[in-house]
Amino acid sequence: EIVEYDLGWLMYFVGEGYREPTHGAGAQSQYGSALFACVGTLSAYQYQKVSGIGQHVDVSIQDCVTSLLENVTTTYIYTGRIRPRIGSRRTGCHPFSMHECKDGWVTIASGSPQMWKSLCHLTENTPMDEDTRFNDGAFIGANWQLVNANVRPWLTAHPQEEVFRRGPEWRTPCRAAPNYAG
């Protein structure tokens, strides 16, 4: 798995920028190639039903992993910029990452201005909600440290279960991260 992950260049982008590349969560190369194999097999099956002719489906794990790079190649083509490793964050929006709460971790996916407003209400963060600079997802993504500093006090004061339960009430996608150490 780790070799497939690296051969497809996905490993280069995973991890914190100040550390060496690392392997992401789950078996991404296996899941991704299985997804493509499934779609290819179903397409071949449909073609066989219509034409009566069978097809051979060949899936390259390396190609599948490379296709999972989302917008990395497009960003390079149009800007010439190679995206650095940024940990569990995503570019262009924030938070779209894991955050510590009182007794565990949660993943928060706030990927639009509406979700940002909802997150501000959830975390009782009125000053950031009223700051018009935060109406721009790119500004939020570029100032992720400021965002984290402002939402961290609320998150670390509340238990994981409460954050997870209250998230949907405020239309903020969040998920309690499992504790594997326990």
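The questions and answers below go through the helices, the sheet and the aromatic rings of a predicted model.

Reader: How many strands does the open sheet have, and in what order do they stand?
Author: The pairing in this open sheet is antiparallel. It has three strands, and their order is 1-2-3.

Reader: How many bridges pair strand 1 and strand 2?
Author: Strand 1 and strand 2 form a hairpin, with two residues between them. The sense is antiparallel, and the number of bridges is six.

Reader: How many bridges join strand 2 to strand 3?
Author: Trp105 has Ala177 in strand 3 as its bridge partner. Ile108 stands opposite Cys174, also in strand 3. The two strands run antiparallel, and the bridges that join them number four.

Reader: Which helix packs on the sheet, touching strand 1, strand 2 and strand 3?
Author: The direction of this helix makes about 160 degrees with that of strand 3. Its residues are 160-169. The name asked for is helix 9.

Reader: Where in helix 8 does the kink lie?
Author: Helix 8 covers residues 144-156 and reaches 17 Å from its first C-alpha to its last, close to the 18 Å expected. The kink is about 30 degrees and comes shortly before the proline Pro153. The residue at the kink is Asn150.

Reader: Which residues of helix 8 are buried?
Author: A residue counts as buried under 20% relative accessible area. The buried residues of helix 8 pack against strand 1, strand 2 and several helices, including helix 5 (113-122) and helix 7 (137-142). They are Val147, Asn148, Val151, Trp154 and Leu155.

Reader: What do the buried residues of helix 2 pack against?
Author: Helix 2 has 24 residues, 28-51, and reaches 34 Å, close to the 34 Å expected. Its buried residues include Ser29, Gly32, Ser33 and Ala44. They pack against helix 1 (2-7) and helix 3 (61-67).

Reader: How far apart in space are Ser67 and Ser33, C-alpha to C-alpha?
Author: Ser67 lies in helix 3, and Ser33 is in helix 2. Ser67 has a relative accessible area of 42%, so it is partly exposed, whereas Ser33 is buried. In sequence the two serines are 34 residues apart, and in space the value is 9.8 Å.

Reader: Are the rings of Trp116 and Phe134 stacked or edge-to-face?
Author: The count of aromatic pairs comes to two. In this pair the ring centres are 5.3 Å apart and the planes stand at 15 degrees. Planes under 30 degrees apart count as stacked, over 60 as edge-to-face. The pair Trp116 and Phe134 is therefore stacked.

Reader: How many residues apart in sequence are the parts that the pair of Trp116 and Phe134 ties together?
Author: Trp116 lies in helix 5, and Phe134 in the loop between helix 6 and helix 7. Both residues are buried. The pair thus ties together parts whose separation in sequence is 18 residues.

Reader: Which residues do the ring pairs link into a cluster?
Author: Phe134 also pairs with Phe139, with ring centres 5.1 Å apart and planes at 80 degrees, so that pair is edge-to-face. Phe134 is buried, with a relative accessible area of 1%. The ring pairs link a cluster made up of Trp116, Phe134 and Phe139.

Reader: Where is Glu124 found, and what is its phi?
Author: Most residues other than glycine have a negative phi. Glu124 is in the loop between helix 5 and helix 6. At 55% relative accessibility, Glu124 counts as exposed. Its phi is positive, near 55 degrees.

Reader: Is Arg171 buried or exposed?
Author: Arg171 is found in the loop between helix 9 and strand 3. Although not a glycine, Arg171 has a positive phi of about 55 degrees. Its relative accessible area is 67%, so Arg171 is exposed.

Reader: Which residue just after helix 2 takes a positive phi?
Author: The value of this phi is about 80 degrees. The residue is Gly52.

Technical notes. Residues are numbered from 1 along each chain as its sequence is written. This is a predicted model: local features need pLDDT of at least 70, side-chain atom pairs count only at pLDDT 80 or more; totals for chains, interfaces and linings use all residues. Side-chain values use heavy atoms; hydrogens and water are left out. The expected span of a helix is 1.5 Å times one less than its number of residues. The bend at a residue is the angle between axes fitted to the seven residues ending there and the seven starting there. Buried means under 20% relative accessible area, exposed over 50%, partly exposed in between (1.4 Å probe, protein chains only). Contact means heavy atoms within 4.5 Å. Two strands pair if DSSP finds at least two bridges between them. Axes are lines fitted to C-alpha atoms, for helices over the stretch in contact, and angles run from 0 to 180 degrees between N-to-C directions. Rings of Phe, Tyr and Trp (its six-membered ring) pair if their centres lie within 6.5 Å; planes under 30 degrees apart count as stacked, over 60 as edge-to-face and the rest as tilted.
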